[in-house]
Structures are given as structure tokens and as C-alpha cells.
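Reader: I'd like to learn how to read a structure from its cores, its surface and its charged pairs. Could you walk me through one?

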Amino acid sequence: MARRVPLTASFGLCVILFVLVLCIFAGYIAPYGEAEIVGDIWEPASRTHLLGTDNLGRDMFSRLVYGARTTVLVAITASVLSFMVGMFLSFLAVVIGGWCDQILSRLNDLMLAIPTLVFALVVLAALPQNIAVLIIVMAIIDQTRVFRLGRAVATDVIVMDFVEAARLRGEKWAWIVFREILPNVLTPLIAEFGLRFAYAILFLSSLSFLGLGIQPPQADWGSMVKDNKDGLIFLVPAALYPGAVIALLAVSVNMVVDWMLNRTASLKGGRG
């Protein structure tokens, strides 16, 4: 199977695994504490500080490592929550149909009509700024896209003969959703999860850059760009490191997702 994996997907998998290792073993890999001031402001790279220091004299490499854990944890939690909500509501709308489908679909269209960043900024500015609220807001915004995909693929499956046979047997809607629909749409959902995860990383970084994401002194890549952006005026590359890592991880996830999408011939899963 390794021979059939293209080079781009292999590179993407290596980057993702490397970031996961950083997340799991951040406390052992980082040479300094997350908020520990260990030097002068914007020191250049050296043996003591591999990537130099930031705008407060904290070690950039250590901040990047701890920022990986925060960024990935928030992004993957928000993505999982958005998929749970979006898939449940979309499958429920398709299976029940009628007024339920109309109400959920129109509410979803209303949410899609609101600019996501504006909606998030307004809500987060009014609510307490903590990680739990941030995850919930990101999940609510993202589940609208998941609902749209889930309803589209479930609509193709709901008209199949085996679903009609299950209904004639008297199966409940939960059986139809988890035993008939879900196995047949699993492949596109997994691929979509990768895309939603990459989007969550970029969205979280945008919110942190605007000051409504992860709050200091906790590190995440978006806030690190914000904190060190003024250094670019003095040719200090501190803001470029987290920006490059964000781009690298997002591109790597997309490479893996593209490979997964190319392995399936249609939006329907592999039920035989």
C-alpha cells in the first residue's frame, strides 16, 4: 500500500504525524516553559534559542511546540463536535423529511448567509473568552457546511432499495441512519473531516490574530503571529515561523484529503 501512496500524500502524512508528536510530547520536547521569559526581546537564533525569542523574550521554539498542542487540540475538538451535530441534523432531516427537513434546511441556509468571521467576532465579543466557548462557537459555525454535505450524500442513499427494505421491515430512524446511511457515506465524510480540520486551524488562527481566539499567555500559532508582527518592520522573522507552520500543516492536510478523494469514484461509500 505504501507504494501506491503518492509522494504528496506521504509528505502530508509525515507532517501530520510530526505535529501530533509535538502535541503529545510538548512538555518533553520544549526546552523552556510556555510563558517563561528566558532572554531579551527578539534575540536572533542561537544554540540557546533555536528560533530566537519573541516580543517578550520567550523562546520561540518552545512557544511553537506548545502552540501546536493548543491549536491542534482546539481545531480537532471543534471539528469533531461540528461533525457530530452536522451529521446528526442532516441525517435526521433526510430520514424524517417533510417539515423537519424544511425547517432544518432553512435554518442552515440562514446561518450560511451570515459571514462566518463577522458572526464569530460578534458572538465571542459578547461571551466570556475561554477555550470552551471558542470551541462551541467554531463548531456551530462549521456544522452548517457539514450539514450541507451530509444532507447531499444522504439524499442519494435514502432512495436506495436496501433503505426502503429497512423501512418496510419497520426499522426505526436510528437504525436507518447508523446501519444503512452512515456506512455508505463514510468515505466522503472522512475526506470532508480533513478539510474541516484544516479550515478550523486557519479560522482559529484568524480569531487569535484578531485577539478573540486563544488568550495570552497561552500560546497558539495565530496569536504568535499577532504578537510578533511588529518585528517584521525590523526584519525580525519571529512572526514568520508560526505563519509558515500554519500554512505547512494546512497544505499537508489538504494533500492527504486529495489523495483520499482520488481513491473513491463517487460521493457514495463502499457498500456492496
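**Reading the surface and the core**

Author: Buried means under 20% relative accessible area, exposed means over 50%, and partly exposed is in between (1.4 Å probe, protein chains only). Keep in mind that this is a predicted model, where local features need pLDDT of at least 70, side-chain atom pairs count only at pLDDT 80 or more, and totals for chains, interfaces and linings use all residues. Residues are numbered from 1 along each chain as its sequence is written, and side-chain values use heavy atoms, leaving out hydrogens and water.

Reader: Which element does isoleucine 76 lie in, and which residues make the nonpolar surface patch?

Author: Isoleucine 76 lies in helix H3; helices (H or I, at least four residues) and strands (E, at least two) are DSSP runs, numbered from the N terminus. Patches are built from residues with over 30% relative accessible area and no salt bridge, joining like charges within 9 Å and nonpolar side chains (Val, Leu, Ile, Met, Phe, Trp, Tyr) within 5 Å. Areas come from the Shrake-Rupley method with a 1.4 Å probe, and for residues only the protein chains shown count as cover. Here Leu73, Ile76, Val80, Leu81, Met84, Val85, Ile136 and Ile140 make a nonpolar patch of about 650 Å².

Reader: What about the inside: which residues touch the most other members of the largest nonpolar core?

Author: A nonpolar core is a set of buried Ala, Val, Leu, Ile, Met, Phe, Trp, Tyr and Cys residues joined through side-chain atoms within 4.5 Å. The largest one has 41 residues, and Leu134, Met138 and Trp221 touch the most other members. H3 supplies the largest share of this core, nine residues. Apart from that core lies another, of 18 residues, among them Phe83, Phe91, Leu149 and Ile181.

Reader: Which residues does serine 252 touch, and is serine 252 buried or exposed?

Author: Contact means heavy atoms within 4.5 Å. Not counting residues up to four places away in sequence, serine 252 touches Phe11, Gly12, Val15 and Ile16. Serine 252 lies in helix H11 and counts as buried, because its relative accessibility is 0%.

Reader: Now the charges. How many salt bridges are there?

Author: The general idea: side chains of opposite charge can pair when their charged atoms come close. The rule asks for a side-chain nitrogen of Lys or Arg within 4 Å of a carboxyl oxygen of Asp or Glu, and by it the count comes to five. In one of them, aspartate 101 pairs with arginine 151, with the closest N and O atoms 2.8 Å apart. That pair links distant parts of the chain, from aspartate 101 in helix H4 (residues 98-113) to arginine 151 in helix H6, 50 residues apart. Aspartate 101 is buried at 12% relative accessibility, while arginine 151 is partly exposed at 30%. Asp142, Glu192 and Arg196 are linked in a network of salt bridges.

Reader: And how many disulfides does a search of the whole structure find?

Author: A disulfide is a covalent bond between the sulfur atoms of two cysteines. With the cut-off for a pair of sulfur atoms set within 2.5 Å, the search finds zero. Cysteine 14 is in no disulfide, and the nearest cysteine sulfur, that of cysteine 23, is 16 Å away.
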